[in-house]
Amino acid sequence: MTPSDLPSFPQGLLSDDALPRYVQVAARLWDDITARGAKAGDRLPSERSLATRYAVSRDTLRAALAELANRGLLESAAARGWFVTGNDQAVTSAGGHTVEGFADYALKHGLATRSRVLESRTRPATVNEAEMLRIGPGAALFEMRRLRFLDGLVVVLEHNRVPLALCPALADTDFAAASLYATLRSADPAQVPRIADYSVGARQPEAHERELLEIDDGTPVLVAEQLTFNQDGRPLELTMQVYRGDRYRFRASITD
């Protein structure tokens, strides 16, 4: 899944210094990790030590670590610190399919992301949600609606639902800045998105979608529905994404 048709810039116009600070730190940190031949399971220095090394605040350092965790390169363990996962791919894949988060795509392509949280709450799961997520009807569900931006342009209206028991920290996380997948990966036990059932279709936007996505012409929207599974094959996240049709392109590999 690839946001597309964003404004292009002449090569060299956007220097590394133009990227968000935490993206710069994430790139530098991963370069250092790979240069030292780190292996899966190797533990990183403390957050305090890393913040001092890269001359950034603890908040910026944690945002950088979260970005690398969201890409599946690092993982955290409660009270033990950060560890290398051994996955040197930018995304996690299985069976020919790829689960790539919005922040994954942005970091890989050097794009600045921003999120505007429209709603964030916990509520009982409906019967339909419970069936899809394999939880009891009425079980605690974390629900969030966000507008997602790339380089200042609105791209998608996103609706996420996750069983709260899998990651209680969701309820207290500020997702205007944090990554959903990074937060899931940092849960105890970690919740790693591995594979997803995905469908997409086109339609005309509804009135509120037209307003939120800043559509003032006949541009259609692409509606993607995704059910993501964790490393144990358990349903992890139910998502609906409404993309501006002129800023999104879907790609897939067909296998046997």
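Let me start with Arg28, which lies in helix α1, residues 21-35. Helices here are DSSP runs of H or I with at least four residues, strands are runs of E with at least two, and both are numbered from the N terminus. Before going on: this is a predicted model, where local features need pLDDT of at least 70 and side-chain atom pairs count only at pLDDT 80 or more, while totals for chains, interfaces and linings use all residues. Residues are numbered from 1 along each chain as its sequence is written, and side-chain values use heavy atoms, with hydrogens and water left out.

Buried means under 20%, exposed means over 50%, and partly exposed is in between, with a 1.4 Å probe and protein chains only. Not counting residues up to four places away in sequence, Arg28 touches Arg21 and Tyr54; contact means heavy atoms within 4.5 Å. Arg28 and Tyr54 are 26 residues apart in sequence, and their C-alpha atoms are 8.6 Å apart.

Tyr54 also turns up beside Leu29. With neighbours within four places left aside, Leu29 is in contact with Leu44, Leu50, Tyr54, Leu65 and Leu68.

That brings us to the largest nonpolar core, which has 19 residues; Leu29, Leu44, Leu65 and Leu74 touch the most other members. Such a core is a set of buried Ala, Val, Leu, Ile, Met, Phe, Trp, Tyr and Cys residues joined through side-chain atoms within 4.5 Å. Two or more residues come from each of α1, α2 (47-53), α3 (58-70) and β2 (81-84). Another core, of 13 residues, lies apart from it and includes Leu166, Leu180, Ala187 and Leu236.

Now the aromatics. The structure holds one aromatic pair. Phe142 and Phe175 form this pair, with 5.8 Å between centres and 45 degrees between planes, and it is tilted. Rings of Phe, Tyr and Trp (its six-membered ring) pair if their centres lie within 6.5 Å; planes under 30 degrees apart count as stacked, over 60 as edge-to-face, and the rest as tilted. Phe142 is in strand β6 (residues 140-150) and Phe175 in the loop between β7 (153-163) and α6 (180-185), 33 residues apart. Phe142 counts as buried because its relative accessibility is 1%, and Phe175 counts as buried because its value is 2%.

Finally, the whole chain: seven helices and ten strands, with 45% of its 256 residues counted as buried.
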